[in-house]
Amino acid sequence: MPWPVPCVVAVAGVAATAVLRVRARAQHRVEAREVARNWATLEPTLPRHGRNQGRTEHTFAALVVSGVVVALTAEALLVVAGPDQGWGRWAVTTAPAAVLCVFLVLAATYARMARHRAMADRTRSPR
C-alpha cells in the first residue's frame with residue numbers, strides 16, 4: 001500500500017474530528033445558555049452545578065501533562081546516563097512508564113474525588 005493512501009485517511013480523520021469537536025463545542029454553549037436561562041427563572045442566583053467542572057478538567061489535564069513531561073525527562077536522563085546491560089535497559093523502559101502511571105492514577109483520583117464532592121454538594125443543597 002503506498003504511503004499517500006494512509007496519510008489521506010489520517011488527514012480526513014483529523015478533519016472530521018475537528019469539525020465534530022467544533023460542532024460539539026457550539027452545541028454545548030447553546031445548551032449551557034439554555035440551562036442558565038431555565039435556572040434564572042427558578043432561582044435568583046446562578047446554579048451551583050457545573051461551576052467546578054472547568055477547574056477539574058484543567059487540573060486533570062495539568063496532572064496528565066506533568067506526568068508526560070516528568071516521564072520524558074526521566075527517559076532522557078536514563079538514556080544520557082548510558083544504559084549498558086542488565087538493569088539499565090530495564091530501567092530505561094519501565095521507569096518512565098511507572099512515572100506516567102503514577103501521574104495518571106493521581107489525575108483519575110482527583111477527578112473522581114471532585115465528582116463525588118460535586119454530587120455531595122448537590123444532594124446537600126436545599127431545593
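Helices (H or I, at least four residues) and strands (E, at least two) are taken here as DSSP runs, numbered from the N terminus. On that basis the chain of this predicted model has 3 helices and 0 strands, and from the N terminus on its elements run α-α-α. Residues are numbered from 1 along each chain as its sequence is written. Local features need pLDDT of at least 70 and side-chain atom pairs count only at pLDDT 80 or more, while totals for chains, interfaces and linings use all residues, and side-chain values use heavy atoms, with hydrogens and water left out.

The pLDDT, the predictor's confidence in each residue on a scale from 0 to 100, has a mean of 79 over the chain, with 80% of the residues reaching 70 or more. Among the elements, α1 has the highest mean pLDDT (85), and helix α3, residues 87–124, the lowest (81).

Of the 127 residues in the chain, 11% count as buried, where buried means under 20% relative accessible area, exposed over 50%, and partly exposed in between (1.4 Å probe, protein chains only). Ala-61, which belongs to helix α2 (residues 53–81), is partly exposed because its relative accessible area is 37%.

Turning to charge, Arg-21, Arg-25, Arg-29, Arg-33 and Arg-37 gather on the surface in a patch of positive charge, and Arg-33 is found in helix α1 (residues 4–42). Such patches are made of residues with over 30% relative accessible area and no salt bridge, like charges being joined within 9 Å and nonpolar side chains (Val, Leu, Ile, Met, Phe, Trp, Tyr) within 5 Å; a salt bridge is a side-chain nitrogen of Lys or Arg within 4 Å of a carboxyl oxygen of Asp or Glu.

How values were computed: Areas by Shrake-Rupley, 256 points an atom, 1.4 Å probe, with all protein chains shown as cover. Lys, Arg positive; Asp, Glu negative; His and termini not counted. Charge placed at Lys NZ, Arg CZ, Asp CG, Glu CD.
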